Amino acid sequence: AQLARPLRVPIPRYGQPGAMAKVIVRLVTASGRSRIEVPASATFGEFQAEVQNRTGVEAGVQKLSLDPRAQQVVSGSPSTPLAQLGIVNGAQLHLTNREASIAAQVLTKVPVPVEPEAPVPKSGSGPACVERPGPEKTKAVAGEEGKKADPKFETFDAFLRNRRYDTAALPGAQRYVSAQLKQGGMIKLPPSVSLKQQPYRHVDTLSVINVPEMENFIGYWQTQLLPNAMQRLGWMYGYYLEDKNYDEGCRAVVEGIYEPPQEMIGEIATNLDDSHIAQVDRIAEALGLERIGWIFTTLPLESDDQLLSPMEVLRIARFQNEHSTDLHFTKYRLSKFVSCAVRPDASLGGLPSLNPYMVSDQACAMVRDNILSESTDRKHCLVRDAQTNELISDFLVEGKPTKKLLPDFFIVRVNDTAPKRHQRMFTHADFPRENRPTQPQRRDDLKKYFRKVSSSEPSWSRYADFHLILYIAHEIDVDTALAIAECVRDRKEIPAGTEMLIKESSDEGRPDARASWPPLGRG
């Protein structure tokens with residue numbers, strides 16, 4: 001995963017340090033909708049030029065209004081600031097020209113070309129995530145204009161384009177509301193619902209750009225926890241890019257893994273209350289990153305052809321609901337939160353394999369509306385029993401009602417790759433991880449870390465370790481960590497005063513600076 005070219009730093013999102021003030025306008029035409037972003041200082045002429053670029057309607061003949069009936073016409077000279085015309089952040093404008101045509105807009109970031117990539121290889125230096133073989137692995141075939149066409153899933157925006165961007169009938173827009181029986185009253189029966197595999201996906205590829213980070217996580221589980229039948233989970237931090245390999249595809253890129261406090265005994269580790277998670281998110285934001293998913297370890301499932309257990313489907317659906325948004329230009333609420341299951345694979349001689357998944361919008365809606373219940377059934381997701389005087393929709397599989405639903409109906413496979421032409425943000429992955437019961441962090445780790453790092457590296461590179469920056473935020477102060485994070489993000493030298501502060505802190509370290517940690521089984 002090493003590169004000759006410089007790192008391509010993610011474009012800052014709104015509210016991030018260094019992010020430029022922008023105005024987002026929703027443009028509605030007869031053929032669809034689009035999100036238009038322009039600087040807050042943009043003039044009406046610059047905005048019209050962007051509208052022309054999106055719709056093909058020349059600036060001089062554009063008919064813009066604040067309402068669909070064109071009663072609140074928007075007009076002005078090209079030099080007029082947008083704010084004076086009532087065009088503010090979040091405004092919705094209507095372009096009433098019939099000849100307007102529009103294309104879907106997927107991301108708020110500048111598209112970054114991504115080359116076709118190979119699966120994550122196993123390094124000779126330690127455990128690694130290995131691509132799971134087998135016929136169930138999604139394979140891409142050649143499509144139009146050099147794009148890949150997946151035989152199972154379309155990209156979400158390509159799917160919408162074929163439906164003229166109509167989202168009203170999509171599963172995520174449905175509400176599974178039960179009815180109550182009332183004596184002597186009219187009853188509106190809840191409609192039956194057919195279960196079908198989702199034909200689209202919100203994330204097409206997961207790229208593990210920081211392979212040493214992934215190897216460290218899996219290696220710790222494989223060598224320290226798996227022999228004791230304990231599991232581990234972590235939050236994946238990274239960013240999203242447009243994936244040029246697919247028609248309007250989306251790629252999630254993993255840069256770091258944060259391991260929260262967790263209960264590690266059971267089939268899946270369970271995250272506990274974390275008083276530091278807001279601070280971790282803040283540091284990640286300063287780095288230009290965000291939480292893009294979670295990774296969890298498990299033992300092999302009972303059946304070789306089973307991809308996810310019912311318990312895993314429910315957990316994934318809850319996380320996707322918690323990390324959903326309506327920022328898509330259609331306002332359809334969706335999630336791009338990716339889940340990675342790591343388990344020993346018999347076909348690989350017991351080596352762990354990395355399996356990225358999401359679950360369908362229908363599964364998320366059913367969990368949101370309390371339709372699916374927790375159960376001991378290891379092969380089926382169960383529709384909960386109706387309470388007294390309650391009517392619940394029938395869920396149909398091949399036209400027949402059933403309360404036992406195979407997890408396969410809800411699973412959405414995501415491709416996994418290791419980029420060849422992208423340099424990872426973090427040049428090091430050596431600092432001890434957070435919340436590991438058998439490997440607690442100590443103040444003396446600072447001194448040990450900097451002894452290993454070459455003094456010939458640029459100062460930002462010496463500090464480019466995700467867990468080092470998180471440790472500085474926790475043990476020294478958040479502002480210092482934020483300043484270092486921005487230097488790492490922008491490839492700028494660390495201020496001399498900051499380096500002196502870190503050196504003084506490491507000199508004060510004591511081997512027993514943190515002698516107590518959670519009992520085995522918690523971390």
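**Entry 1: F466 and its ring partner**

I looked up F466 in this predicted model and found that F466 is buried, with a relative accessible area of 2%. I then asked which ring pairs with F466. The partner is F426, and the two rings are tilted, with 35° between the planes and 5.4 Å centre to centre. I noted that F426 is also buried, at 0% relative accessibility. F466 belongs to helix α9 (residues 466–475), whereas F426 lies in the loop between β30 and α7, so the pair ties together parts that are 40 residues apart in sequence.

**Entry 2: F431 and Y471**

I next examined F431 and Y471, which form a tilted aromatic pair with 5.1 Å between centres and 50° between the planes. This pair links distant parts of the chain, with F431 in the loop between β30 and α7 and Y471 in helix α9. I recorded F431 as buried at 0% relative accessibility, and Y471 as buried with a relative accessible area of 3%.

**Entry 3: Other rings**

In another place, R201 lies over the face of Y246, at 5.6 Å from the ring centre.

**Entry 4: Salt bridges**

In one of them, R161 and E248 bring their closest N and O atoms to 2.4 Å apart. R161 is in helix α2 (residues 156–162) and E248 is in the loop between β14 (233–243) and β15 (249–258), 87 residues apart.

Are these two residues buried or exposed? R161 counts as partly exposed, at 32% relative accessibility. E248 has 15% relative accessibility, and because buried means under 20%, E248 counts as buried.

I then looked up D243 and R251, whose salt bridge has its closest N and O atoms 2.9 Å apart. D243 is buried at 0% relative accessibility, and R251 is buried with a relative accessible area of 3%.

My last pair was E259 and R436, a salt bridge with 2.7 Å between the closest N and O atoms. It links distant parts of the chain: E259 is in the loop between β15 and β16 (262–263), R436 is in the loop between β30 (415–417) and α7 (444–452), and 177 residues separate them. Both E259 and R436 are buried. Finally, I noted that salt bridges with shared partners join R161, D247 and E248 into one network.

Notes. Residues numbered from 1 in each chain as written. Predicted model: local features only at pLDDT ≥ 70, side-chain atom pairs only at ≥ 80, totals over all residues. Heavy atoms only, no water. Salt bridge = Lys/Arg side-chain N within 4 Å of Asp/Glu carboxyl O. Helix = DSSP H or I, 4+ residues; strand = E, 2+ residues; numbered from the N terminus. Buried < 20%, exposed > 50% of the residue type's maximum accessible area, 1.4 Å probe, protein only. Phe/Tyr/Trp six-rings, centres within 6.5 Å; stacked < 30°, edge-to-face > 60°. Lys NZ or Arg CZ within 6 Å of the ring centre and 35° of its normal.
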